[in-house]
Amino acid sequence: MSEMKVLFHVNETEAWTKSLGNITNFLKDQPQGKVEVVANGPSVTAFTGSCQANGGGGCGCSLQKGDLLEQMGRLSNEGVVFAACRNSLKIYDIDEKTLPSFVKVVPAGITEIAAKQSEGYAYIKP
């Protein structure tokens with residue numbers, strides 16, 4: 001079988017726990033698979049460690065703040081690409097320089113999603 005390529009779209013902070021679990025399971029089954037996660041909307045706040053949407057409150061995910069970033073870092077070390085939408089970062093007043101080193105910033109999340117799909121990535125929205 002050829003290499004599987006999967007794009008996970010996370011646009012709600014509550015979806016991080018499920019998404020990271022899905023990615024972990026996918027990589028256990030397809031260790032040579034390529035995975036990219038595109039975060040837009042309030043989900044980009046998770047990259048700050050605060051995971052707060054709309055100016056307050058928790059993200060509703062079951063992982064603690066540090067655990068979420070740690071799990072993302074581990075997955076990044078396994079080759080998972082995490083992409084943050086620059087438009088969403090601006091909306092949530094997040095400085096790109098404060099993001100973890102494993103996060104790449106893309107001009108527009110929706111454009112990144114379309115580009116990856118045109119490259120043959122399967123689209124998954126947990």
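This is a predicted model: local features need pLDDT of at least 70, side-chain atom pairs count only at pLDDT 80 or more; totals for chains, interfaces and linings use all residues.

User: How much of the chain is buried?

Analyst: Of the 126 residues, 46% are buried, where buried means under 20% relative accessible area, exposed over 50%, and partly exposed in between (1.4 Å probe, protein chains only). Among contacts (heavy atoms within 4.5 Å) with a separation of 6 or more, 68% are between residues 24 or more positions apart.

User: Ok, on to H4. Which residues are buried there?

Analyst: In H4, residues 109–118, the buried ones are Gly109, Glu112, Ile113 and Lys116. These lie on the same side of H4, because they cover an arc of only 100 degrees around the axis, the arc being that of the directions from the helix axis to the C-beta atoms. On the other side of H4, Ile110, Thr111 and Ser118 are exposed.

User: What do the buried residues of H4 pack against?

Analyst: They pack against S1 (5–10), S2 (34–39), S3 (81–85), S4 (103–106) and S5 (122–124). After H4 comes Gly120, whose phi is positive, near 95 degrees.

User: Which strands pair with S3, and in what sense?

Analyst: S2 and S3 pair in the parallel sense over 4 bridges, with Val38 standing opposite Ala83 of S3; two strands pair if DSSP finds at least two bridges between them. S3 and S4 also run parallel and are joined by 4 bridges, and there Ala84 has Val105 in S4 as its bridge partner. S3 is mostly covered, with 4 of its 5 residues buried.

User: And what hand does the unit of S3, H3 and S4 have?

Analyst: S3, H3 (residues 86–91) and S4 make a right-handed β-α-β unit, in the sense that, with the strands pointing away from the viewer, the path from the first strand over the helix to the second runs clockwise.

User: Switching to charges: how many salt bridges are there, and which residues are linked in a network?

Analyst: A search of the whole structure finds 5 salt bridges, each defined as a side-chain nitrogen of Lys or Arg within 4 Å of a carboxyl oxygen of Asp or Glu. Glu36, Lys104, Glu112, Lys116 and Glu119 are linked in a network of them.

User: Which parts does the pair of Glu36 and Lys116 tie together?

Analyst: The side chains of Glu36 and Lys116 meet at 3.4 Å, N to O. Glu36 lies in S2 and Lys116 in H4, so the pair ties together parts that are 80 residues apart in sequence. Both Glu36 and Lys116 are buried.

User: What about Lys104, is its side chain buried or partly exposed?

Analyst: Lys104 is partly exposed, with a relative accessible area of 33%, whereas Glu36 is buried at 3% relative accessibility. The salt bridge between Glu36 and Lys104 is 3.9 Å, N to O, and this pair links S2 with S4, the two residues being 68 residues apart.

Key. Residues are numbered from 1 along each chain as its sequence is written. Side-chain values use heavy atoms; hydrogens and water are left out.
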